[in-house]
Amino acid sequence: ESPIKKQRISRANVILGQILGEGFFGEVHEGVYKSDTIQVAIKTCKDCSAGVKEKFLSEADLMKNLDHPHIVRLIGVIHVDPVWIVMELYQHGELGNYLKEQKSTLTTATLILYCLQICKALSYLEGLNMVHRYGQIIFFSLHVDIAVRNILVASPDCVKLGDFGLSRYIDDQEYYKASVSRMPIKWMAPESINFRRFTIASDVWMFGVCVWEIFSMGQQPFLWLENGQVITQLESGVRLPKPLLCPPTLYSMLTSCWAYEPYIRPSFRQLVCSLRYSGTAWDAPLWE
Ligand code: ATP
């Protein structure tokens with residue numbers, strides 16, 4: 001049985017509501033999943049020819065294997081046209097916007113908590129290392145665009161890592177080439193920029209940039225540079241500066257994530273430990 005089949009839900013159980021935003025493949029709506037009476041986000045696919053449909057559904061296919069308190073939860077898929085991917089709705093939207101809006105109320109402890117939650121989600125993915133896909137085991141190098149635009153806020157003390165759509169960059173050469181202009185250069189590790197190498201170590205680099213965004217309250221990294229200038233800067237040793245709100249110990253953790261050589265960077269498991277430790281110094285809430 002194809003893995004997607006298991007996730008099939010009936011359109012009769014889904015109420016399509018207002019538009020939440022624009023996704024890569026089409027509009028994203030809010031709605032209700034009647035079977036569980038929960039609020040959902042519904043991803044739609046605008047020009048869903050067979051090839052596009054497969055790409056669109058690959059995100060859901062990846063997500064259905066994942067079960068973590070800080071990863072966006074897939075409810076199910078409606079596979080007949082119009083194809084929909086139904087996910088749990090996170091009321092507060094994207095973390096990037098939330099940080100800008102709540103700038104004056106967020107404490108260092110809460111910011112560390114968000115970083116820890118995302119780090120745990122990534123450590124979980126690091127541990128999985130493989131996914132089952134269309135009956136085939138493929139090597140799984142995260143495929144996540146780790147940035148505040150892809151983190152959703154479920155509640156003021158809970159964030160969720162989302163958007164597994166980046167898989168398109170890695171496992172389909174053709175699609176990848178078409179998407180080069182959409183590459184998040186300012187978040188990427190040097191080896192990803194230079195050689196399109198995406199590994200768990202390049203994810204650690206991106207996570208460092210994401211933590212920088214969190215402590216900069218949603219500012220864009222390297223706003224002062226053109227995409228084309230980034231690699232020269234990185235190669236001459238320049239790194240993102242310490243955000244004002246970032247504790248110095250945490251900043252040294254970030255610089256370790258930005259080691260030029262991938263094998264020198266810490267693992268997500270190690271990063272979870274460092275973040276727990278920095279959290280205790282700031283009385284961060286909810287330390288499990
Ligand atoms: P891209 O690949 O360009 O990131 P996408 O197809 O992955 O696009 P998203 O960015 O995930 O689409 O979604 C588009 C919009 O819908 C965003 O503004 C996002 O905040 C919102 N959204 C997506 N999923 C959810 C959700 N589960 N809860 C709340 N809002 C969501």
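Start by colouring the chain by pLDDT; this is a predicted model, and its chain averages a pLDDT of 85, with 83% of the residues scoring at least 70. Select residues 130–142, where the pLDDT is below 50. Beyond near neighbours in sequence, this stretch has 22 contacts in the model. Then select residues 166–178, where pLDDT also stays under 50. Here the model has 16 contacts beyond four places in sequence. For the complex, the predictor gives an ipTM of 0.94 and a pTM of 0.89.

The ligand is surrounded by 19 residues, and the closest are Gly-21, Gly-23, Phe-24, Val-28 and Ala-41. Show β1 (14–22) and β5 (84–88), the elements that give two or more residues to this shell. β1 gives the most, with 3 residues. Coloured by class, the shell around the ligand has 10 nonpolar, 5 polar and 4 charged residues.

Now move to the largest nonpolar core, which has 65 residues. Pick out Cys-115, Ile-118 and Cys-210, the members that touch the most others in this core. Centre the view on Cys-210: leaving aside residues up to four places away in sequence, Cys-210 touches Ile-118, Ile-146, Ala-147 and Val-148. In soluble globular proteins, nonpolar side chains tend to be buried together.

For the last stop, select strand β8 (residues 151–155) and strand β9 (residues 158–161). These strands pair in the antiparallel sense over 4 bridges. The two form a hairpin, with 2 residues between them. Zoom in on Ser-155, which stands opposite Cys-158 in β9.

Key: Residues are numbered from 1 along each chain as its sequence is written. This is a predicted model: local features need pLDDT of at least 70, side-chain atom pairs count only at pLDDT 80 or more; totals for chains, interfaces and linings use all residues. A residue is near a molecule or strand if its C-beta atom, placed from the backbone, lies within 6 Å of it. Ala, Val, Leu, Ile, Met, Phe, Trp, Tyr, Cys and Pro count as nonpolar, Asp, Glu, Lys and Arg as charged, and the others, Gly among them, as polar. A nonpolar core is a set of buried Ala, Val, Leu, Ile, Met, Phe, Trp, Tyr and Cys residues joined through C-beta atoms within 7 Å. A residue is buried if 20 or more other C-beta atoms lie within 10 Å of its own, exposed if 12 or fewer, and partly exposed in between; C-beta atoms are placed from the backbone. Two residues are in contact if their C-beta atoms, placed from the backbone, lie within 7 Å. Two strands pair if DSSP finds at least two bridges between them. pLDDT is the predictor's confidence in each residue, from 0 to 100.
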